[in-house]
Amino acid sequence: DVHSCQHGRIGDFVVRSPMVLGHEAAGTVVRVGSGVTHLKAGDRVAIEPGVPRAVDEFCRSGRYNLSPTIFFCATPPDDGNLCHYYKHSAAYCYKLPDNVTFEEGALIEPLSVGIHACRRAGVTLGSKVFISGSGPIGLVNVLVAKMMGAASVVVTDLSASRLQKAKEVGADFTLQVKKESPREVASKVEALLGCKPEITVECTGAEACIQAGIYVSCCGRPAGAGGVGWGLCRGPWQPHRGGRADCAVCVPRRWPVAISLLASRRIDVRPLVTHRFPLERALEAFETTRRGEGVKVMLKCDPTDQNP
């Protein structure tokens, strides 16, 4: 949303006409269609933003997130859900338990990315994990990796304040990158862990960070990508031959898992929320994020409820 607002694009998706932003949302059901039986007015729900438009080969195999016809909130030309009232497919609205707040519900979308990335990468008891980037996606990967049993997690970033937040949510080591080359960053990560990481999760989309992740990764071990870059990336692929590159941007079937983890308090995403604004101050909220202040900035779309 911030990329679209600031640059008029996100990756290859270019905003060419007016579009409603917002793809991480939770709210209260106001009305349901005649065929909806699992939800009713008054239910609190989290919204999965990706909805397939057609039952194609990807949907039939359970990978609806890969469907080329998928509708995805706030991805041009599809409107998002940053508004007072919004209509969405009931099958992709998930009822929230009473002990899960709306803010936690809105954070299920990024949390699902962390769950998907760590599952695909095979994080397990004793894993040594390198996470590049301590923005929201990097931080949810820290939360999930530690919950899944990772013994050591090292996080890199340019921002000292964001690295401090990474420590707060469970990172074992942090490394502030200044002017180091990708090879130098890789060397420092290996020194902190005492070995090469078994799993690397890249959460920035920046070419230099991707290169550092490849340099430090063990041959044949997973390297996951959760960040969105701006174009083609040159990478030292030879050192990582035999491994697997994976992308976890639009993820399938993770909402029920995320809701269970939040309800059981196995994962706590609440520390990620650093700012709150009413919808009427949306421009101020986006400007706060653009300046790199805080982590997650919440917009409260219900004028009668400005609580967390």
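Residues are numbered from 1 along each chain as its sequence is written, and side-chain values use heavy atoms, with hydrogens and water left out. Because the model is predicted, local features need pLDDT of at least 70 and side-chain atom pairs count only at pLDDT 80 or more, whereas totals for chains, interfaces and linings use all residues.

Helices (H or I, at least four residues) and strands (E, at least two) are taken as DSSP runs numbered from the N terminus, and two strands are considered paired if DSSP finds at least two bridges between them. Three strands form an open sheet in the order 3-4-7, with antiparallel pairing. Strand 3 (25-28) and strand 7 are the edge strands, each of them pairing on one side only, and the twist averages 30° from one strand to the next. Within this sheet, strand 4 (residues 44-47) is joined to strand 7 in the antiparallel sense over three bridges, and Val 45 has Lys 95 of strand 7 as its bridge partner. Helix 9 (residues 255-263) lies across strand 4 and strand 7 and runs at about 30° to strand 7; here and below, axes are lines fitted to C-alpha atoms, for helices over the stretch in contact, and angles run from 0 to 180 degrees between N-to-C directions.

The loop between strand 6 (71-72) and strand 7 (93-95) contains Pro 77, which is joined to Pro 76 by a cis peptide bond with omega of about 5°. Ala 74 lies in the loop between strand 6 and strand 7 as well, and its phi is near 65°, a positive value in a residue other than glycine.

Parallel pairing is found between strand 14 (residues 273-278) and strand 15 (residues 296-300), which are connected over five bridges, with His 275 standing opposite Val 297 of strand 15. The chain passes from strand 14 through helix 10 (residues 282-290) to strand 15 in a right-handed β-α-β crossover, the term right-handed being used if, with the strands pointing away from the viewer, the path from the first strand over the helix to the second runs clockwise.

Turning to helix packing, helix 4 (residues 108-121) and helix 5 pack at an angle of about 55° with their axes 8 Å apart, and helix 4 is therefore oblique to helix 5, given that angles under 35 degrees count as roughly parallel, over 145 as roughly antiparallel, 65 to 115 as roughly perpendicular and the rest as oblique. Helix 4 passes helix 5 in a right-handed crossing, where a crossing is left-handed if the near helix is turned anticlockwise from the far one by less than a right angle, and right-handed if clockwise. In contact (heavy atoms within 4.5 Å) are Pro 110, Leu 111, Val 113, Gly 114, Ile 115, Ala 117 and Cys 118 of helix 4 with Ile 137, Val 140, Asn 141, Val 144 and Ala 145 of helix 5. These residues divide into 10 nonpolar, two polar and no charged, where Ala, Val, Leu, Ile, Met, Phe, Trp, Tyr, Cys and Pro count as nonpolar, Asp, Glu, Lys and Arg as charged, and the others, Gly among them, as polar.

The axes of helix 5 (residues 136-147) and helix 6 (residues 160-168) come within 9 Å and cross at roughly 20°, so that helix 5 is roughly parallel to helix 6. This crossing of helix 5 and helix 6 is right-handed, and its contact is made by Pro 136, Leu 139 and Val 142 of helix 5 together with Arg 162, Lys 165 and Ala 166 of helix 6. By class, the contact of helix 5 with helix 6 has four nonpolar, no polar and two charged residues.
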